[in-house]
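Visitor: I would like to learn how to read salt bridges in a model. Please start with the general idea and then turn to the case at hand.

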Amino acid sequence: MNDFSELENELRKLRPAQPSPVLFERVEEAMGVCRAGASPARQPKRSSYNWLSLGLGLAAAAVLVLFAAINMEHRQKTGEKIAQASPVPETGSVVPARRNGGGGSTSLNRFVPTGATQVVYNTRDEGLQFARGSEQPLRRIRYQTHQTWQWRNPRTGASLRVSYPSEEVVLIPVSGQ
């Protein structure tokens, strides 16, 4: 106990040093200048917009566009196909074969698939849900799409296009954290 009382007495003897009168004068001068409206070290106004980051972002975007254009040009020169239609089996013709007026030869008059597109125009995250028989939560995501299928008859030049909207719901398992 004596150790603590001695320590306490020593701490009571310690007092902060008195500030010098010069310090008070400097503080009064600085406050007087600030009240007058001029700061002692006038700093130029900084723009609230960072032009350097904007310039770097635009330069990066320009480089990406340039590489994409070069890549597309290279694909066109080499003849690389981006999309390809699969051949149609002989038995799956849409239009039946028509006989020519002459001998017994037949020519197929059929539609061949020429393209298919699927455009997702709305994706909605419906949150976590517990499905029946599931031990863990599942994230439910709903996709609304517009599908278009195209066929063409190479012999006659006739074409057929079918478009319809569709909706798909996907359940994605979520692991616990």
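Guide: Helices here are DSSP runs of at least four residues, numbered from the N terminus. The model is a predicted one. As for the general idea, side chains of opposite charge can pair when their charged atoms come close.

Visitor: How many salt bridges does a search of the whole structure find?

Guide: The search finds 6 salt bridges. One of them joins the side chains of Glu8 and Arg12, at 3.2 Å from N to O. Both residues belong to helix H1 (residues 2–13); because they are 4 residues apart there, about one helical turn separates them. Glu8 is partly exposed at 43% relative accessibility, while Arg12 is exposed at 52%.

Visitor: Which residue forms a salt bridge with Arg142?

Guide: The partner is Glu167, with the closest N and O atoms 2.9 Å apart. Arg142 is in strand E4 and Glu167 in strand E5 (residues 159–173), so this pair ties together parts 25 residues apart in sequence. Arg142 is buried, with 14% relative accessibility, whereas Glu167 is partly exposed, with 46%. Salt bridges with shared partners link Arg142 and Glu167 with Arg124, Glu126 and Arg140 in one network. Within it, Arg124 and Glu126 form a salt bridge whose closest N and O atoms are 3.6 Å apart.

Visitor: Where does Arg139 lie, and in which strand?

Guide: Arg139 lies in strand E4 (residues 138–152). Its side chain makes a polar contact of 3.0 Å with that of Asp125. Arg139 is partly exposed, with a relative accessible area of 29%.

Technical notes
Residues numbered from 1 in each chain as written. Predicted model: local features only at pLDDT ≥ 70, side-chain atom pairs only at ≥ 80, totals over all residues. Heavy atoms only, no water. Helix = DSSP H or I, 4+ residues; strand = E, 2+ residues; numbered from the N terminus. Buried < 20%, exposed > 50% of the residue type's maximum accessible area, 1.4 Å probe, protein only. Polar contact = N/O pair within 3.5 Å; in protein donor to acceptor, adjacent residues only side chain to side chain. Salt bridge = Lys/Arg side-chain N within 4 Å of Asp/Glu carboxyl O.
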